[in-house]
Amino acid sequence: MRSTPHAFRPLLLVAVFLLAAMPSEVCAKIASGKLHLSGVKTESTLVKFAISAESTAKIDLNLTSHGMYEDERELRLRIYTDDDWPRVKRTPLCSEKVALAQRGVPIVFDGYGGKLSDGREKYSARIQHEIKNPPNQMDRRRRTKMKDRSRYFYFTVDDCSLERSYHDGKIPDIMYSISVMNVRPSHSPSGEPIYDHLPADEGGIGILLVLTIFYSGALTLLLFYKLARTIGGEVHVAILVVIAACLTNALSSVCELMHMTSFNSNGYGIYSVDALSGYFEALSDSMVSLVLLSIGGGWTLPTDVVGGGMGKDVAVNKFMQGVKNPAGSLIGLISGGGSGDATGGIVALTIILVHVGLAQWGRTFDDDFDTYHALEHPPGRALMLLRFILGLVFITGVGMVRSGGRCPPSLMSFLTKFGLVGLSYFASLPGVAMFVGSVLAFHQRHQALHWGAAMVQMCSLSSLTWLFTGGADASAYHRLSRVGKHDEGGMTESIASSQTMGGGSNRPTMWRFGKTKIRLD
């Protein structure tokens with residue numbers, strides 16, 4: 001039997017660790033927080049949860065009122081499904097919304113919980129309830145029985161009396177804790193039902209995360225192998241950037257898998273680990289976008305091939321200088337280079353920080369699992385708009401390189417294909433998101449978008465890995481690119497440690513790390 005290659009043993013150890021960490025105890029999904037009802041806001045959404053087909057949602061809601069809730073006659077826990085939720089969101093009046101609810105359960109604060117530090121009294125209420133999926137009701141739109149499928153259930157608290165009479169000053173704050181269990185029928189001889197708190201829309205995501213870890217890890221090891229061969233010699237920083245993109249993509253999946261494992265045990269996961277997953281994914285996306293923009297703008301190609309493009313006085317050409325040498329621009333910015341370097345560094349940093357900021361913004365809408373690409377939230381739509389803008393900048397840069405300097409016909413052919421592939425990357429995620437949002441059923445969108453985004457990212461990382469590891473005969477780009485040049489023909493000595501860009505600023509093109517020379521141009 002052949003032994004496991006040393007390069008893949010770290011991946012095997014990670015897989016063993018993650019499988020060993022899978023818990024045997026299962027609890028309900030837990031969400032907690034504070035709500036305050038008023039005449040303006042007569043309802044508050046507690047949580048949404050995806051229930052499997054032919055299953056039951058088991059709810060346990062605990063409420064604590066910080067002060068007496070004087071009129072509980074219309075205080076209810078409402079349960080809606082995704083069949084009616086879009087209409088619920090569009091309906092302005094509470095009295096009209098509740099007509100769409102599948103269930104309304106009275107809330108009575110019948111437990112005394114002592115006094116708070118400010119003298120107010122605490123009162124408690126508890127609701128334990130079950131609702132089947134599908135609910136035993138008719139589809140209001142089609143007047144047919146509801147389909148047996150996975151379905152989102154939305155749990156809200158409302159008091160419709162508040163929109164008829166003004167007594168906001170008498171409404172206390174309410175602290176809540178709600179747990180939801182997905183109870184599925186079992187086909188085992190014992191007949192015991194399966195209690196699962198993971199939402200039904202997370203089914204199959206664990207397999208995708210493991211595949212992403214192994215695939216991104218394999219690309220990282222391949223790039224590390226190429227990097228190891230250049231230790232003490234010369235390596236291009238583009239390889240380091242792609243290594244970082246592959247590594248952060250793998251780390252994002254590792255963190256998400258750890259969060260799901262913890263979620264399966266305690267019902268709420270590990271917030272910091274889930275946040276790291278989103279940040280790592282955003283970093284990987286931003287680095288891929290930055291490398292594509294840079295290559296499209298002529299980074300790694302000889303200066304005489306890139307040429308002047310559309311002219312140094314054209315505004316778009318000045319903007320493209322910011323991504324033609326991102327590593328050199330960042331170093332120039334940190335070291336206090338000229339205005340041109342500062343502009344380039346700011347462009348590169350902005351692309352990275354905007355991606356990370358959108359990932360954090362998305363967590364303010366739903367922090368259970370990554371919502372970075374979800375079109376149902378403004379951050380997801382902003383990300384789609386960003387991809388569209390970057391795609392336009394990318395194709396503009398490719399056109400400038402093709403039309404300037406002495407671009408060989410073979411390279412022009414490559415740039416045409418590269419432009420189409422790169423543009424497809426920037427357009428694919430918006431395309432997948434729009435397809436998922438307009439064609440697929442509501443309960444299928446989360447899984448489809450997760451798989452689509454992962455496939456797009458893995459394809460892009462594979463393409464960049466080929467771009468920077470292929471031999472000289474792979475394409476016209478590989479024959480001209482500085483990435484594959486290692487002391488060939490005295491190229492290293494013929495290029496100064498800095499080059500003069502438009503505006504008279506000096507941008508570094510070489511950085512030393514011990515005996516290893518890292519090219520930045």
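Angles over 145 degrees between two axes count as roughly antiparallel. That cut-off is used in the first legend below. The model shown is predicted.

**Figure 1. Helices H4 and H5 pack against each other.** Two packed helices are described by the angle between their axes and the distance between the axes. Here helix H4 covers residues 205–228, and helix H5 covers residues 237–266. Their axes lie 8 Å apart. The angle is about 155 degrees, so H4 and H5 are roughly antiparallel to each other. H4 passes H5 in a left-handed crossing. Which classes of residue make up the contact of H4 with H5? There are 18 nonpolar residues, seven polar ones and two charged ones.

**Figure 2. A disulfide joins Cys94 to Cys160.** The structure holds one disulfide. Its two sulfur atoms, in Cys94 and Cys160, are 2.0 Å apart. The pair links distant parts of the chain, 66 residues apart. Cys94 is in helix H3 (residues 94–97). Cys160 is in the loop between strand E10 (151–159) and strand E11 (174–184). The torsion about the S-S bond is about -70 degrees, so this disulfide is left-handed. Are the two cysteines buried or exposed? Cys94 has 1% relative accessibility and counts as buried. Cys160, at 5%, also counts as buried.

**Figure 3. Arg126 forms a salt bridge with Asp60.** A search of the whole structure finds nine salt bridges. In this one, the closest N and O atoms are 2.7 Å apart. The pair links distant parts of the chain. Arg126 is in strand E7 (residues 121–133), and Asp60 is in strand E3 (residues 55–66). Now look at accessibility. Arg126 has 53% relative accessibility and counts as exposed, because the cut-off for exposed is over 50%. Asp60 has 17% and counts as buried, because the cut-off for buried is under 20%.

**Figure 4. The side chains of Arg120 and Asp118 meet in a salt bridge.** The distance from N to O is 2.8 Å.

**Figure 5. A salt bridge links Arg387 and Asp285.** The closest N and O atoms are 3.5 Å apart. This pair, too, links distant parts of the chain. Arg387 is in helix H11 (residues 378–403). Asp285 is in helix H6 (residues 271–296). They are 102 residues apart. Arg387 is buried, and Asp285 is buried as well.

**Figure 6. Asp82, Asp83, Arg149 and Arg151 are linked in a network of salt bridges.** Find two Asp residues, Asp82 and Asp83, in this view. Then find Arg149 and Arg151, which belong to the network with them.

**Figure 7. Gly357 is found in helix H10.** This helix covers residues 339–363. Gly357 is partly exposed, with a relative accessible area of 37%. Where does Pro379 lie relative to Gly357? In sequence, Gly357 and Pro379 are 22 residues apart. In space, they are 9.0 Å apart, C-alpha to C-alpha.

Definitions and conventions. Residues numbered from 1 in each chain as written. Predicted model: local features only at pLDDT ≥ 70, side-chain atom pairs only at ≥ 80, totals over all residues. Heavy atoms only, no water. Salt bridge = Lys/Arg side-chain N within 4 Å of Asp/Glu carboxyl O. Helix = DSSP H or I, 4+ residues; strand = E, 2+ residues; numbered from the N terminus. Buried < 20%, exposed > 50% of the residue type's maximum accessible area, 1.4 Å probe, protein only. Axes fitted to C-alpha atoms, helices over the stretch in contact; angles between N-to-C directions. Parallel < 35°, antiparallel > 145°, perpendicular 65-115°, else oblique. Left-handed = near helix turned anticlockwise from the far one by under 90°. Nonpolar A, V, L, I, M, F, W, Y, C, P; charged D, E, K, R; others polar. Disulfide = S-S within 2.5 Å.
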